[in-house]
Amino acid sequence: MLKAVVDTPPGFVPSPATVPRGSAPSGVLVLLYEHQGEPWVVLTRRSWHLRHHAGEVSFPGGRREPGDADLWATALREATEEIGLDPASVSRIGRLDSFVTVGSRSLVCPFVATVDQRPELVPDPVEVEQVLHVSLAELTDPEAWREEIWPLGEALGGDRAMTFFELNGDTVWGATAAVLRRLLTMVIVGGDAG
């Protein structure tokens with residue numbers, strides 16, 4: 001079921017013209033698996049001592065490093081470092097639309113992948129407080145999500161719709177919520193990954 005959602009595009013290395021000045025492109029891993037007949041996604045809660053986005057819910061991922069062949073390699077490397085994911089267990093099935101974040105103006109490239117079963121993951125406490133396994137059914141519950149219009153000013157593109165997911169003990173927002181919204185739209189409506 002999960003593999004029918006997206007197609008596998010070629011690797012992605014953005015041209016310098018697509019990356020906002022002063023920022024580096026980032027690759028994030030949207031890791032899916034089926035458990036007891038239901039699709040689940042892996043998220044993390046970032047450690048509270050981090051300088052940026054402390055305690056926020058996110059996908060495994062981060063900025064591209066010089067040794068990364070492409071942003072898929074970045075996403076896999078970061079997931080291995082952050083949550084102990086075995087890269088050999090992962091099957092890439094697509095890439096969601098890239099976007100530039102409002103605050104840091106970073107280019108985020110989300111890659112969708114699957115594993116055959118619920119993965120045994122161990123968070124690196126330097127970066128990750130907890131690994132979160134969230135069912136897509138929980139995310140699509142009408143009580144779990146909402147949208148707000150935020151006036152960000154013309155310098156940041158004017159008014160912008162911001163999505164929020166209320167999970168048990170966590171509020172997911174920002175770039176992570178934007179990626180989840182795109183993923184859920186594809187799962188429910190049945191689109192292609194870009």
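The exercises below concern a predicted model of a protein.

**Exercise 1. Describe the order of helices and strands along the sequence.**

Solution. 
Step 1. Begin with the inventory: the protein contains three helices and 11 strands.

**Exercise 2. Determine what share of the residues is buried, and describe the accessible surface and the contacts of the protein.**

Solution. 
Step 1. A residue counts as buried when its relative accessible area is under 20%.
Step 2. Of the 194 residues in the protein, 47% are buried.
Step 3. The accessible surface comes to about 9900 Å², and carbon and sulfur atoms account for 53% of that area.
Step 4. Consider the contacts with a separation of 6 or more: residues 24 or more positions apart make up 62% of them.

**Exercise 3. Characterise the second largest pocket by its volume, its lining and the elements that supply this lining.**

Solution. 
Step 1. The volume of the second largest pocket is about 190 Å³.
Step 2. Its lining consists of Leu139, Thr140, Trp145, Thr163, Phe165, Arg181, Leu184, Thr185 and Ile188.
Step 3. Sort these lining residues by class: five are nonpolar, three are polar and one is charged.
Step 4. Assign the lining to elements: helix H2 (136-140), strand S10 (159-167) and helix H3 (174-189) each supply at least two residues.
Step 5. Identify the main contributor to the lining: H3 gives the most, with four residues.

How values were computed:
Residues numbered from 1 in each chain as written. Predicted model: local features only at pLDDT ≥ 70, side-chain atom pairs only at ≥ 80, totals over all residues. Heavy atoms only, no water. 1 Å grid on protein atoms, 1.4 Å probe; cavity = no way out; pocket = protein on both sides within 12 Å on 5 of 7 lines; lining within 4 Å. Points joined across faces, edges and corners; volume = space filled by probe spheres on them. Nonpolar A, V, L, I, M, F, W, Y, C, P; charged D, E, K, R; others polar. Buried < 20%, exposed > 50% of the residue type's maximum accessible area, 1.4 Å probe, protein only. Contact = heavy atoms within 4.5 Å. Areas by Shrake-Rupley, 256 points an atom, 1.4 Å probe, with all protein chains shown as cover.
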